[in-house]
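Please examine the fold as a whole before turning to single side chains.

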Amino acid sequence: MDLSEHKEQVHGASESVDSSLRISTSPKSPRSPKLRHAKDSPSKGSPVKGVSPRKNDRHSHSGTDGRPKKGGCGGKGTWGGLLDMDDNHFVDSNDPNYSSSEENDKTAFKKVCPRFEEYKKKAAIIVEEYFATDDVVSTANELKDLEMASYSYYFVKKLISMAMDRHDKEKEMAAVLLSSLYADVIDPRQVYKGFRKLVESADDLIVDIPDTVDVLALFVARAVVDDILPPAFLKKEMDALPGGSKGIDVIKRADKGYLSAPLHAEIIERRWGGSRNKTVEDVKAKIDNLLVEYAVSGDKKEALRCINDLKVPFFHHEIVKRAIIMAMERKKAEGKLLDLLKTASEECLINSSQISKGFTRIIDTVDDLSLDIPNAKELLQSLISKAASEGWLCASSLKAVSFHPEKKLVEDSIVKAFKAKAQSIIQEYFLTGDVLEVNSCLESENLSSIPELKAIFVKRLIMLAMDRKKREKEMASVLLSSLYFPADDVVNGFTMLIDSADDIALDIPVVVEDLAMFLARAVVDDVLAPLHLEEIGGDSLRPDSVGNKVLKMARSLLNARLSGERILRCWGGGGSYTNGWAIEDVKDQIGKLLEEFESGGDKREACRCISELGMPFFHHEVVKKSLVTIIEKKNDRLWRLLEECFNTGLITPIQMTKGFGRVAESLDDLSLDVPDAKKQFGSLVERAKVEGWLDSSFSFNKVLENGHRS
């Protein structure tokens with residue numbers, strides 16, 4: 001055994017113990033437990049057992065014995081990692097190889113678990129077989145059969161290290177395999193850990209593979225493009241790696257040489273001979289194509305071949321879902337599509353769990369589906385009955401389709417048209433960052449008379465942002481805090497998101513972290529009150545649901561030390577470029593500058609201080625505090641400051657309206673100290689309308705009726 005292999009064993013043995021001492025220093029929250037479990041898939045070949053390793057099999061390339069300072073896990077836009085727990089390693093004094101010096105020798109630390117040694121041998125065989133057969137399904141089945149998921153990081157490391165020393169074909173095959181197995185067969189945390197160990201071992205790898213820096217950098221970049229490794233991995237590894245290591249060169253090359261280049265995604269995907277990676281969007285497009293072609297041609301044999309060629313058994317529920325929806329939309333194709341699913345089930349091409357899951361996903365979204373297919377519930381119930389009677393669907397595993405119509409205050413056609421319009425408005429906003437334009441567009445939609453549409457806009461805004469980068473997430477939070485939406489509508493929007501979180505998780509694996517952060521950020525930005533989290537959760541959520549995990553994480557984020565400051569800067573915004581204040585500090589600064597101005601301060605200086613806060617989406621706090629002071633002290637000086645801020649564009653009409661709205665909500669409490677507070681505020685509202693600060697339709701009674709609370 002060479003030194004590299006010995007170090008790998010020591011690392012494997014000690015990983016679990018040291019992981020309990022690692023604390024993520026990421027500005028984001030700890031990652032929740034994995035969102036999706038590995039699915040059963042039809043076996044296309046028996047696992048390789050009893051086969052000796054290939055003659056040319058290389059030894060594992062591993063790093064120096066220096067455990068990473070930071071942990072983490074994979075998935076797009078994640079905020080840190082869970083502790084890696086593994087209790088399979090021990091020192092046995094009765095073992096023939098036992099040495100008393102082992103317990104005191106820090107380099108030995110603990111005896112290597114035999115199961116890990118067994119896994120290493122089998123992993124090498126599986127990788128060799130995969131390079132020989134290019135069979136993703138068989139490889140997935142063999143990994144599942146090992147039943148040692150806690151060592152999957154080693155498979156990631158072994159796969160890439162072996163591919164690095166081979167041709168472009170094997171490199172591309174390795175990238176495709178990781179993308180196919182990610183989350184469903186190999187847990188995201190294991191993928192992250194495998195890449196971390198590869199980068200740490202770059203100094204050893206370069207001894208045998210001279211172009212290690214470039215090749216490994218390309219693997220890292222490809223993993224980021226394929227959404228199996230978060231972009232945050234680069235910065236975390238840069239901070240954790242020792243100075244002068246080759247791992248730092250790898251990270252720099254991946255970041256500057258590949259990911260920062262124009263059209264980098266296309267270039268990276270084609271670097272090893274073509275874009276063969278299976279992204280979710282690619283697979284969905286292929287599923288649509290094969291179903292449409294089958295509905296036209298009726299060639300069942302060809303359709304089954306296409307399903308098999310997709311090599312994504314863990315994603316077959318999408319085929320079931322889309323086939324059933326197509327059957328509901330195209331009555332003439334119903335018989336063909338049901339026959340296709342029946343045959344696929346009988347031939348074990350699509351297993352029973354995937355069929356049940358496909359139907360369950362339709363049941364969960366049947367209300368939305370009814371907007372496009374008016375009798376969707378009746379059609380779905382009919383299809384379920386037919387499938388069950390033919391024996392390829394276990395109807396008892398499904399929840400019942402509810403035929404009780406939900407309360408609908410808006411015509412379905414209006415909702416459908418608004419969803420398309422909202423998507424267009426949000427996409428334009430992500431390009432321009434123009435909050436005023438968004439407000440103008442929403443005003444033209446007459447949302448004030450249709451509050452349900454505001455909830456739909458909130459849901460659509462966050463859905464689109466969750467599937468994008470930090471910039472868009474920050475922009476979404478800023479927009480949400482800048483729009484004057486009643487809290488009830490924002491609550492309804494988040495409730496819709498929470499209710500559909502299980503379905504969202506299929507397309508956005510890190511929905512728990514992202515949605516929890518959006519919720520926490522809304523509370524910090526005073527868009528929601530902490531008690532709204534209880535209202536959003538309700539009593540209908542299952543304890544094991546993704547939505548319940550989201551709410552738990554949101555509460556955890558808000559209860560953490562210095563939570564306001566951390567959450568406010570979770571995506572790099574919140575004034576982080578100009579100051580380091582927490583949200584409470586900002587409120588305190590606003591109070592002090594208003595107090596100083598009221599006691600004789602300069603108007604321009606006050607405006608400069610407000611501008612230097614660097615938080616234009618929080619200017620409603622300036623308006624609120626100014627109005628409360630005017631009412632309490634009956635002093636008009638702060639009114640002149642608001643006038644200056646509005647005339648210079650420092651405070652926008654949106655923030656002005658929101659500030660007045662927040663005062664309206666607190667009038668009952670304010671009246672305890674100032675008996676005529678409501679009368680004074682009514683006069684201020686009329687005065688603001690004359691000044692052009694508020695729309696003529698603004699009424700604080702309407703604000704109170706809408707239930708907008710800060």
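Predicted model: local features only at pLDDT ≥ 70, side-chain atom pairs only at ≥ 80, totals over all residues.

Residues are numbered from 1 along each chain as its sequence is written, and side-chain values use heavy atoms, with hydrogens and water left out.

The protein chain contains 36 helices and zero strands; helices (H or I, at least four residues) and strands (E, at least two) are DSSP runs, numbered from the N terminus. Of its 710 residues, 55% count as buried, a term that denotes under 20% relative accessible area with a 1.4 Å probe, protein chains only. Among contacts (heavy atoms within 4.5 Å) with a separation of 6 or more, 80% join residues 24 or more positions apart.

Helix 5 covers residues 168–181 and reaches 20 Å from its first C-alpha to its last, close to the 20 Å expected at 1.5 Å a residue; the expected span is 1.5 Å times one less than the number of residues. Twelve of its 14 residues are buried, so helix 5 is largely enclosed by the rest of the structure. The buried residues include Glu170, Lys171 and Glu172 as well as Val176, Leu177 and Leu178. They pack against several helices, among them helix 2 (114–133), helix 4 (152–164) and helix 6 (188–200). Just after helix 5, Ala183 takes a positive phi of about 75°.

Aromatic pairs come next. Rings of Phe, Tyr and Trp (its six-membered ring) pair if their centres lie within 6.5 Å; planes under 30 degrees apart count as stacked, over 60 as edge-to-face and the rest as tilted. The count by this rule is twelve aromatic pairs. Phe116 and Tyr153 are stacked, because their ring centres are 6.5 Å apart and their planes stand at 20°. As Phe116 belongs to helix 2 and Tyr153 to helix 4, the pair ties together parts that are 37 residues apart in sequence. Phe116 is buried, with a relative accessible area of 0%, and Tyr153 is buried at 2%. The rings of Tyr192 and Phe233 have centres 5.1 Å apart and planes at 80°, so this pair is edge-to-face. Tyr192 lies in helix 6 and Phe233 in helix 9 (residues 232–240), so the pair ties together parts 41 residues apart in sequence.

Tyr153 also has a charged neighbour: Lys193 lies over its face, at 4.1 Å from the ring centre. Such a placement requires NZ of Lys or CZ of Arg within 6 Å of the ring centre and within 35 degrees of the ring normal.

Terms used. Buried < 20%, exposed > 50% of the residue type's maximum accessible area, 1.4 Å probe, protein only.
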